[in-house]
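Here's a quick walk through a fold, from the whole chain down to its core. Have a look at the model first, then read on.

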Amino acid sequence: MILGILLLGYFALESEAWADRYTQITGIYLGAKLTICILRLLFGDKLHPFHGTGAIVLDYRILICEILCYLAFLLAWKRNRKIMRQKMAGARKILVIIVLAAAGVGAFCILFANINAARLSKESFWQNLVLTDATFNERGFVWRRTAAAIKEEPIIHKLFGNGMNSYETLMRIMRKLPADSGYADPHNEILQMTTDMGLLGLIGYFGLLLSTLVRGFRNWKNNSFYIMGVLTLIIYLIQALMNEYSIYTLPFLFIFLALMNGKSIEMLK
């Protein structure tokens with residue numbers, strides 16, 4: 001949700017009408033959070049508990065700060081929206097470059113820390129970036145064992161995989177997970193696709209998604225239809241890091257892929 005709000009803000013700066021609608025959407029988002037917080041106060045243990053990131057996002061102190069910042073921005077926006085939008089639109093490219101650079105550095109640091117985990121001292125800062133069994137609500141437990149299984153596989157399986165829905169059988173044969181562990185997938189599409197279709201299948205699939213995403217970013221100013229496709233693809237790619245195959249949403253994903261690529265071909269004619 002937070003990522004979606006930020007992405008909508010990037011596109012909303014393109015026109016005053018879009019920016020006005022964006023302020024309304026942001027208000028609805030904060031109103032929904034406030035409603036959840038009130039329900040938690042009223043009904044307590046009767047509601048679904050929030051842990052980890054969810055608990056942080058719904059912290060009442062953070063919510064109060066968000067509402068105050070939103071009201072201050074709304075007041076300034078109503079007084080001088082035109083100049084504010086122009087200045088923010090001019091700075092958004094620089095902000096995106098900074099965010100992408102920070103994400104790239106972060107990804108490199110995480111890879112470095114995990115590759116060299118055995119040689120790091122316990123007091124080292126890098127230890128904070130090493131995946132453990134408890135990482136991301138205990139997803140680290142299955143991620144680490146899946147990565148170890150892929151590393152030990154023959155090169156032919158690394159390249160072409162083991163076949164669809166082979167994960168549970170593979171992990172049992174390689175004795176990386178107990179037979180009664182209950183893990184039918186690694187809760188990460190990259191790892192699951194690597195075990196099923198290999199590195200070549202992984203590159204082909206995510207290459208299709210990323211190339212379409214780049215095409216959408218290049219064309220969204222000429223046709224606002226691409227904004228919907230770009231948002232869908234980015235959110236899908238983010239959730240793919242934490243979830244199994246999203247079989248229930250895949251039909252919609254491929255519809256967007258077809259429409260976005262079809263629109264690009266139409267524009268070239």
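## Contacts along the chain

A word on the ground rules: numbering runs from 1 along each chain as its sequence is written, and side-chain values use heavy atoms, with hydrogens and water left out. Because the model is predicted, local features need pLDDT of at least 70 and side-chain atom pairs count only at pLDDT 80 or more, while totals for chains, interfaces and linings use all residues.

## Overall build

You'll find eleven helices and zero strands here, where helices are DSSP runs of H or I with at least four residues and strands are E runs of at least two, numbered from the N terminus. The C-alpha trace spans about 65 × 60 × 40 Å along its principal axes.

Of the chain's 269 residues, 32% are buried, meaning under 20% relative accessible area with a 1.4 Å probe, protein chains only.

## The largest nonpolar core

A nonpolar core is a set of buried Ala, Val, Leu, Ile, Met, Phe, Trp, Tyr and Cys residues joined through side-chain atoms within 4.5 Å. The largest one has 24 residues, and F11, Y205, F206, L209, L233 and L253 touch the most other members. At least two residues each come from α1 (2-12), α9 (189-219), α10 (225-239) and α11 (250-268), with α10 giving the most, nine.

Zoom in on L233: leaving aside residues up to four places away in sequence, L233 touches L209, T212, L213, L253, L257 and M260.

Notes: Buried means under 20% relative accessible area, exposed over 50%, partly exposed in between (1.4 Å probe, protein chains only). Contact means heavy atoms within 4.5 Å.
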